[in-house]
Amino acid sequence: MARGTRRTQVARVTEHGGGVWSIPVPIPDNPLGYTLVHLLDTDRGPVLIDTGWDDPTAWDTLTAGLAACGASVSDVHGVLVTHHHPDHHGLSGQVREASGAWIAMHAADAEVVRRTREAEPTSWLDYLAEKLAVVGAPEDHLAPLRAARASGRAAALPRGRPAQPDREIVPGELLDLPGRRMRAIWTPGHTPGHVCLHLEETHPAAGEDAPGHGRLFSGDHLLPEISPHIGLYEDPDDATVTDPLGDYLDSLERVIALDPAEVLPAHQYAFTDAPGRVRALLRHHEERLAGLRTLLVDRPLTPWQLAEAMEWNRPWAQIPHGSRTIAVSEAEAHLRRLVKLGRAEAVPGSNPVRYQAI
Ligand SMILES: [Zn+2]
Ligand SMILES: [Zn+2]
């Protein structure tokens, strides 16, 4: 999921030409509103790019949307998942049950799915509480997690059991889609195994002077008005190795090199000028990193204190519990980038850990 502006617009099934449609599938109680599930016609039948949130209304919307495209869910040949988040992968299992379709995902996100499926609710809560204590979360944030663990409440789980994919999306390779030419581009950052899918065929509206090459299904990597959430990868074994924000910035540059004529994202709406949008996001992150480093000049801060001091779409006091957990993960991702760049460092021996500017 991504954090961003509240936007309400009536969205409906859109034919994009050249055997591509988008179906807006609602996400319950979420300001994003919907996931744009894309349908790509192939010689073996329709292939879906993402499936939407696991919810009865979403399922009804998806099946009605397929009918509006002249297809049925039982015809679906395959499901390509841009990343493991539940607003993208939620209904994949149900689509597979209804059609016998394969589900494909990048290996790094398939690994996250495997861990999620195997994790015991209590061990997940232990992991979360310990991780948050280390970064300076106050007692009033940790108490509900401890209470949930003590009561064994499954509701505290971040998600249900996502479907295990059958196939791996291998970056750089052409996908096995009869009659189509589409290549997977690995774009880690928002998740470790996020992929964009580049439909290399000429854009159907390409005139004499249409710039760019083909169309890019960008998932949550590149959205027209939202900067996607970049936190730490949810890996209990990760100590200080990964740098998701660094990965994300590199992945943005990868999109500039592709120079697609049009971007078909998983939220909001299709747009052109991908390089312009990428440059705006690179600027945004550069300014944000510089701003955060400034906050570390006066006194060292824990990741939690930094999250409190950062600018969000509402005051910290109004941010609910679950979103604060996500916010502190975003603060940590920025700290990790600053450390890798040599612009901040952990204060030796501090517990909880504090960071200072260099
Ligand atoms: Zn999303
Ligand atoms: Zn996402």
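How are α8 and α10 oriented relative to each other? In this predicted model, helix α8 (residues 274–298) packs against helix α10 (residues 321–340) at an angle of about 85°, and their axes are 10 Å apart. Angles of 65 to 115 degrees count as roughly perpendicular, and α8 and α10 are therefore roughly perpendicular to each other. On the α8 side, the contact is formed by Arg288, Leu289, Leu292 and Arg293, while α10 supplies His334, Arg337 and Leu338. Sorted by class, the contact of α8 with α10 comprises 3 nonpolar, 1 polar and 3 charged residues.

Domain 2 contributes 7 residues to the contact and domain 3 contributes 11 residues. On the side of domain 2 that touches domain 3, the elements giving two or more residues are α5 (121–134) and α6 (139–151). The residues on that side of domain 2 are 5 nonpolar and 2 polar, with no charged residue.

The helices α5 and α6 also pack against each other. Their axes come within 9 Å and cross at roughly 165°. Since an angle over 145 degrees counts as roughly antiparallel, α5 and α6 are therefore roughly antiparallel to each other. The crossing of α5 past α6 is left-handed. From α5, the residues in this contact are Thr122, Leu125, Asp126, Leu128, Ala129, Leu132 and Ala133; from α6, they are His141, Leu142, Leu145, Arg146, Ala148 and Arg149. By class, the contact of α5 with α6 holds 8 nonpolar, 2 polar and 3 charged residues.

Attention now turns to the sheets. Strands of a sheet pair through backbone hydrogen bonds, in either a parallel or an antiparallel arrangement. One open sheet consists of 7 strands in the order β1-β2-β3-β4-β5-β6-β7, with mixed pairing. Leucine 80 has alanine 104 as its bridge partner in β6.

Helix α1 (residues 56–68) touches β2 (20–26) and β3 (34–42), and the direction of α1 makes about 160° with that of β2. Helix α3 (residues 92–99) lies across β4 (45–49), β5 and β6, and runs at about 165° to β5.

A further open sheet is built from 4 strands in the order β8-β9-β10-β11, and its pairing is likewise described as mixed. Here β8 (182–186) and β11 (262–265) stand at the edges; because each has a single partner strand, one side of each is left without a neighbour in the sheet. From one strand to the next, the twist averages 25°. The edge strand β8 pairs with strand β9 (residues 195–199) in the antiparallel sense over 5 bridges. Methionine 182 finds its bridge partner in β9 at leucine 199.

Definitions and conventions: Residues numbered from 1 in each chain as written. Chains lettered and ligands numbered in written order. Predicted model: local features only at pLDDT ≥ 70, side-chain atom pairs only at ≥ 80, totals over all residues. Pairing = 2+ DSSP bridges. Axes fitted to C-alpha atoms, helices over the stretch in contact; angles between N-to-C directions. Contact = placed C-beta atoms within 7 Å. Nonpolar A, V, L, I, M, F, W, Y, C, P; charged D, E, K, R; others polar. Parallel < 35°, antiparallel > 145°, perpendicular 65-115°, else oblique. Left-handed = near helix turned anticlockwise from the far one by under 90°.
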